[in-house]
Amino acid sequence: MLLKTLTTPVILVMMLVVHLVGAQEKSNLELIDIFDMEYISDPQISPDGTQVVYVRNFKDVMTDKNLSNIWLVNFDGSNNRPITIGNHNDFYPRWSHDGKKIIFKSNMTDNRMKLYLMWMDSKEIVVLTNTPKAPNQVSWSNDDTQLAFNMFVPKQGGTKIKMPTKPEGANWNSPPTYIDELNYRGDGQGYLKSGNMELFTLSIDGGTPKQLTDSDFDHGAPVWSKDGNTLYFSANFNPDEDFEPNNSEIYELNLLNYRVKALTDRYGPDNDPVVSPDGTQLAYTGLDDKLLGYQLNDVYIMDIKSGTTKVLSSSFDRNIQNVQWADDGNGLYFQFNDKGKTKVGHITLSGTVKEKVSGLGGLSLGRPYSSGAFSVSKTGRLAYTKGDTRHPSDLGVLDKKGNRRLTFVNDDVFSFRNLGNVEEIWWESSYDQRKIQGWVVTPPNFDASKKYPLILEIHGGPFLSYGDVYSSEIQAFAAAGYVVLYTNPRGSDSYGEEFGNLIHHDYPNHDYEDLMSGVDAVIDKGFVDKDNLFVTGGSGGGVLTAWIVGKTDRFKAAVVAKPVINWTSFVLYADNPAFFAKYWFGKKPWEDPENYFKRSPLSYVANVTTPTMLLTGEQDYRTPIAESEQFYTALKLEGVETAMVRIPGASHGIANRPSNLIAKMASILTWFEKYKE
């Protein structure tokens, strides 16, 4: 052994160094630590349940990029290793039915996203596609010889404006852009190009993908029938698709004659078909559209031969996602959020629901949104993203022996960094005594005998939920010495349909009482300085932050991130105008101008005295930066201390680059520190 070859003095020095390092006190998190943090996503368990491939997400401080590789681990946790390496994006691994191959997407060769195939015995990799656009959602045929996928196909666009021929050598501007679609841009996509998502098949031997459809509509993810002669998919073929954004059906495409047939027919969305193991039934999610702001998905079962359909989950008051068949065909696994926790459940064909595992971890490092992912094997074993408030998502597995955690990808960072403690809290809203859930985060090395400043941090959506998952933003605030309250006021997901629709055509009215009652509940604990209160939130949380400063002067300062300030301009300028007008208001702005204005934070701007910062990405097309600009100018005209932070190149999801997330956190802390006593 090497130790035997060392002299005694050297050994003593080594032992002293180890002791000193081990005894060294941890320090608080720093903003730059975001580049050292990783998280697990998209765990895919092998059909036989013996292995899991998963995506390991990381960041590069030199190029300011979010990157990912694919790793493989045995179900018992042994032999954990990467199967792709390098500073690129490898993701979307999917097993073949025989477990001998996987496909995945990557930009490893020339920075263009392509579809790859890997043989699991040799780890040999071949590229399958070299198309201008990458395949989107991919599925294996049951005999593992073909793939089906949807992919964007551009169509001839360009201007219809006839310009005169310019003189030879003349340097004119580019021709004008001609737009005639209602939905002409998308957040994170920019101005939309002409074209649609069409269906393709491709042999795993490679070659040219075969285009199966050519239409003016987008086609959802295709799945194969048992015999390989049919593809099932969802689509909205309504001629007024832009004006009916929530009205898709399930279709079948016959691969023998290429005829398309609708299998569902009702007003409402039907999505995500999944074929049963014996090929006789189709499961899918959907709902009867009642034009409510918050509506729960149900899971349906269709007998393919007869076309008869039944709903399984009518008595289950939570939204259902990610439906997967059990191999015995007698039930389905699915994912749902319940009171801030993301869980996996199982529902029988008679509608009995049983929770299988809780504590699925989030799929980002920013704010503590409830989310997660899982997959199930033919043996009933599960792989899932496992996380909590102490760490971002790692890989978890579940079998009859219980659940366990297989990876610890951030132990290196947290070995020398302190974290704030997170505690769940419930209180009654002063508006109607309804129970509201939240979480209180205390600074590292917290002393309950002291008084701390408090930050109220509000989630977006508004039909989303925070939960007991890790958040770099929340922990950064705690590391800076703040107590943080994050909460799920009325309208939040994961508490049932009635709770979600308490804000139907009324948002952001009574969330205010829910949030202020939560602040009071934390103050009553005795360790918050009631004269040092701060508030921030993004998107829907930005709406509520702007609303709050128009209703009260309790807060020393506020940061309003990517908000809606004027609902009229928002509906006419955001990237899904028909949906927002139809479901969130029920009328167009000029049909009900009074309601639009009274629900806009702009209507209270004359009341604002709180120093308020605006923060938005310059390429945000969900809550466009014009909303922030309106509030900034209005506050300036009212003589309120204000500033505007514009994140270059950022869309609504500001953290498309790691430094953007750091910029957001630094901006908020800088503003609050300016006014903290």
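What follows is a short talk about labels and the values behind them.

Tutor: Two notes before we start: this is a predicted model, where local features need pLDDT of at least 70, side-chain atom pairs count only at pLDDT 80 or more, and totals for chains, interfaces and linings use all residues. Residues are numbered from 1 along each chain as its sequence is written, and side-chain values use heavy atoms, with hydrogens and water left out.

Student: Why is Lys-114 called buried?
Tutor: Buried means under 20% relative accessible area, exposed means over 50%, and partly exposed is in between (1.4 Å probe, protein chains only). Lys-114 has 8% relative accessibility, so it counts as buried.

Student: And what makes Asp-110 partly exposed?
Tutor: Its relative accessible area is 39%, so Asp-110 gets the in-between label.

Student: How do you know that Lys-114 and Asp-110 meet in a salt bridge?
Tutor: The term asks for a side-chain nitrogen of Lys or Arg within 4 Å of a carboxyl oxygen of Asp or Glu. Here the N to O distance is 3.2 Å, and the pair qualifies.

Student: What makes Glu-423 and Lys-525 a salt bridge?
Tutor: Their side chains meet at 3.9 Å, N to O. Glu-423 sits in strand S33 (residues 421-428) and Lys-525 in the loop between helix H5 (511-523) and strand S37 (528-538), so the pair ties together parts 102 residues apart in sequence. Helices (H or I, at least four residues) and strands (E, at least two) are DSSP runs, numbered from the N terminus.

Student: Which label does each of those two partners get, Glu-423 and Lys-525?
Tutor: Glu-423 is partly exposed at 42% relative accessibility, and Lys-525 is partly exposed at 37%.

Student: Why do S10 and S15 count as edge strands?
Tutor: Four strands form an open sheet in the order S10-S11-S14-S15, with antiparallel pairing. Strand S10 (138-140) and strand S15 (210-211) each have a single partner strand, so one side of each is left without a neighbour in the sheet.

Student: How do you know that S11 and S14 pair?
Tutor: Pairing needs at least two bridges found by DSSP between the strands. S11 (residues 146-154) and S14 (residues 195-203) have nine, in the antiparallel sense. Met-151 stands opposite Glu-198 in S14.
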